[in-house]
Amino acid sequence: MDFSLLGPVTVTTGPPAAPVELPLGPAKRRSVLAMLLLRPNATVSVEQLISSLWEDEPPAHARTVIQGHVSRLRAALAEGGAEDHGVELTTHSSAYLLRIPEALIDTQRFDQLTAQASPESAPGEAVQLLNQALGLWRGPALTGTVASPPFAAAAHALEERRLSAVEALARAHEGLGEHEQAVRVLHPAAVANPLREGLIAALMLALYRSGRQSDAIAWFHRTRQLLDDDLGVDPGQRLTAAYQEILRAAPTADGPQGGPESGGQPGVQQAPSTPSHQPSAAASAPAPVPELLPRPPAGFHGRVAELAELSRLALGTDAAGQGGAAGGSGGAGGYPQEGGIALLTGPAGVGKTGLAVHWGHAHATAFPDGRLFADLRGFSGGEAAVPAEVLREFLLALGTPAEQIPTSPEAASALYRSLTARRRLLVVLDNAGSSAQVRPLLPGGPHCATLVTSRSRLDGLIATDAARPVRLHALGPEDGVGLLGTLLGPARVAEDPEAARELVALCDGLPLALRAASAQLVARPRWRLARLATALRDERRRLALLSAEDTGVAAALRNSVARLSADDAQLLRALGAGFAREVNTAEAAALSGADPELIQDSLDRLAEMHLLDEEATNRYVMSDLVKLFAQGDGSGRGDGPGEASGLPSGEPPQGPDQP
C-alpha cells in the first residue's frame with residue numbers, strides 16, 4: 001500500500017507493476033486524508049481540520065461533514081487492505097489519528113533518501129539516492145486538496161524540499177564532472193523558479209563548465225532584469241559571484257569544453273574533450289528511424305481547425321498542411337524549447353486517435369528521426385499499459401539492444417529521455433488513462449512533439465508539464481454528412497441528403513457512431529439512408545444499431561463508465577433518467593437525493609471524463625447517446641439499452657423507405 005502526497009493525493013494498493021488506486025472521493029475528503037498524512041501517528045483535532053478545509057466561515061454542519069469524510073475514508077482504506085499493512089484511522093475524543101508505518105508515505109521516503117545523500121563526499125551514491133527521491137514526485141505536491149492557506153503552506157514547504165534535492169543532485173553530478181547532466185537537472189527548475197538566485201547561480205556555473213559560457217551569461221542578465229522589474233533589487237552575492245567567475249574565465253576542474261558555444265576568453269586554453277572510451281560499433285552506426293504509427297484512418301474527413309491547431313503547436317505554423325521538415329523546430333506560437341505536449345481530449349468516439357494518427361502521417365517529413373506510437377489502454381476495458389513495458393518497446397525501436405535496457409523504470413525513462421534529447425521525433429501516446437501513465441513516456445528533446453489522446457482532461461499533465469489542450473467536439477452537420485459521403489460514396493448520400501443529415505443528428509455527430517452506421521449500410525447496399533434513420537429513431541435499439549462486431553458506441557461508453565466510482569455511476573444513471581438536456585448542481589442533487597456539495601464534485605468528474613459537457617458555469621449537458629446508455633446501465637458493468645437487439649439477419653420488412 002502506498003500513500004502519495006508528492007503530486008495528486010492518492011492511495012494505491014496491489015503489485016507495483018499494476019497498482020490499483022483507491023477511490024478517495026471529493027477534494028475535501030482527500031484533504032482530510034492529506035492533513036492526517038502530513039502528521040502521521042499524531043492526533044489532528046477536528047478544529048484543525050475545519051480551519052484547513054474551509055478558508056472562509058465554515059458551515060454549521062462542518063463537524064458532521066468531517067465525520068462523514070472520515071467514515072468513508074475508513075471504508076476505502078479497509079477495502080484496500082489497510083489492516084494488513086498496519087494502517088488504522090482511529091478517533092480520539094475530538095481528534096483523529098492515522099497510525100501508519102511511515103515508509104508507506106512518499107514524503108517520508110523522500111526525506112529519508114535525501115538525508116542519506118552526500119553530494120560532496122559520495123557523489124556517485126548521491127546521484128542514485130537523489131534520483132530515486134525525485135522520482136517519487138508526480139506533479140505539484142498535494143494536488144487535489146482544497147485551496148486554503150494551510151494546504152498552500154504545506155505544499156510550498158514540500159516544494160522547497162524538492163528544489164533543495166534538485167540542487168543537491170546537480171552538485172553530485174558536478175562532483176562527478178558531469179556538467180551537462182547538471183544542466184539538464186537544473187534547467188527545468190530554473191525555468192519554473194526564475195527568481196531563486198541560488199538555483200540560477202548553480203545553473204550558470206554548470207552551463208559555463210559544460211562549455212556554454214554565452215548561455216550562462218544570458219541567464220544572469222535575464223535574472224538581473226527580473227529581479228529589478230519584479231522586486232526592485234540587485235542580484236545577490238551568489239548570483240554575482242557566479243557571474244564574475246564566468247567573466248574571468250576562471251579554470252575549473254575539467255576546464256570549459258571547447259566548441260562553437262564555449263565563448264572562451266582570449267588567451268585561455270580550452271581543455272580538449274577526450275572521451276574515456278572509444279565508441280562501439282553500435283554507437284557509431286546510424287540511428288534507426290522507427291515508424292510505429294498505425295496506418296492512416298480510412299475516410300478521414302473534416303477537422304480543419306483542429307489540424308491547424310496541432311500544426312501551430314507542434315510546428316509553429318498557422319495553418320494545417322504547412323510547416324514540413326523546415327518547420328519542425330517550433331516557433332513563437334509553438335512549443336516551448338524544452339519540448340511540448342498537445343493533449344487531444346473529448347468524449348468516447350469523437351475521433352481523437354484518428355486525428356492524431358492522420359496528422360502524424362500528414363507531417364511525417366517534419367520528424368525525420370521517427371514516429372513512436374503506443375496504445376496506453378486507459379479506457380479499453382482491460383488492464384492499462386504499464387509505462388515500463390511501453391518504455392521497453394520504445395527503447396528497442398530506438399535501437400537499444402535488449403540486454404542494455406535498464407530493469408529499473410526510472411533508469412529506463414532516463415535512458416529514453418537521453419536518446420530523444422537531440423532527435424526530431426513525434427511521440428503519440430494514445431488512450432491515456434492518467435497523467436502519471438504519460439509522464440515516464442515524455443521525450444527529452446526540444447525538437448520532439450508529443451500528442452496525447454484521452455477521454456479524461458488530464459489536468460495534472462497541463463499543470464506539471466505545460467500540455468496544451470485541444471478539445472475535440474462532435475462533427476457539425478456539414479462535416480458529418482461529408483464523412484458519410486467519404487465512407488459510403490457521395491452518390492449514395494446525394495440520393496437522400498435530408499436522411500444523411502438526420503443520421504448525423506441521431507449519431508450525435510460522433511465519428512465512431514457514423515462509421516458504425518456506415519458499416520451497416522455498406523453491408524446492405526440496397527438499403528437507403530432513410531431506412532437506417534427510421535430504425536435509429538427507436539431509442540431502445542439505437543445503441544445496438546450503432547455497433548459493428550467489436551466496436552461501437554455502447555462498448556466505448558462502457559469502458560469510460562467503468563472508470564467511475566459507484567457514486568458517480570449512480571449519479572450518471574439518475575441524470576440519464578431524470579433530465580432532458582441541461583441540469584445544474586441543485587437539480588442534480590434533487591434527482592439523486594445526495595448532498596449538493598458532494599454532487600458538485602461528481603458533476604466535475606463526469607465533465608472531466610466528457611460524459612457531461614459544462615456548457616456554462618453550473619450548466620451541464622448530456623448528449624443523447626450518453627443519456628440512452630445511462631438509462632440502460634450507468635455502471636458500465638451490464639448491458640446498455642437495447643444491446644440484445646440488432647439489425648434483422650433475414651430479408652428486411654417492406655415499407656415506404658424500401659429501395
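Visitor: Across which strands does helix 14 lie, and at about what angle does it run to strand 8?

Guide: In this predicted model, helix 14 covers residues 387-397 and lies across strand 8 and strand 9. Strand 8 (371-375) is an edge strand, pairing on one side only. The angle between helix 14 and strand 8 is about 160°.

Visitor: What is the strand order of the open sheet of 5 strands?

Guide: The pairing in this sheet is parallel, and the twist averages 15° from one strand to the next. Its edge strands are strand 8 and strand 11 (468-471). Strand 7 (residues 340-345) and strand 10 are joined by 6 bridges, with Thr-345 opposite Ser-454. The order is 8-9-10-7-11.

Visitor: Which element supplies the largest share of the lining of the second largest pocket?

Guide: The second largest pocket holds about 890 Å³ of space and is lined by 34 residues, with Gly-349, Gly-351, Thr-353, Leu-512 and Thr-551 nearest its centre. Elements that each supply at least two lining residues include helix 13 (352-362) and strand 10 (449-454); helix 13 also lies across strand 10, at about 160°. The largest share, 5 residues, is from helix 21.

Visitor: How do the residues of that lining divide into nonpolar, polar and charged?

Guide: The lining of the second largest pocket has 34 residues. They divide into 14 nonpolar, 13 polar and 7 charged.

Technical notes: Residues numbered from 1 in each chain as written. Predicted model: local features only at pLDDT ≥ 70, side-chain atom pairs only at ≥ 80, totals over all residues. Heavy atoms only, no water. 1 Å grid on protein atoms, 1.4 Å probe; cavity = no way out; pocket = protein on both sides within 12 Å on 5 of 7 lines; lining within 4 Å. Points joined across faces, edges and corners; volume = space filled by probe spheres on them. Helix = DSSP H or I, 4+ residues; strand = E, 2+ residues; numbered from the N terminus. Nonpolar A, V, L, I, M, F, W, Y, C, P; charged D, E, K, R; others polar. Pairing = 2+ DSSP bridges. Axes fitted to C-alpha atoms, helices over the stretch in contact; angles between N-to-C directions. Contact = heavy atoms within 4.5 Å.
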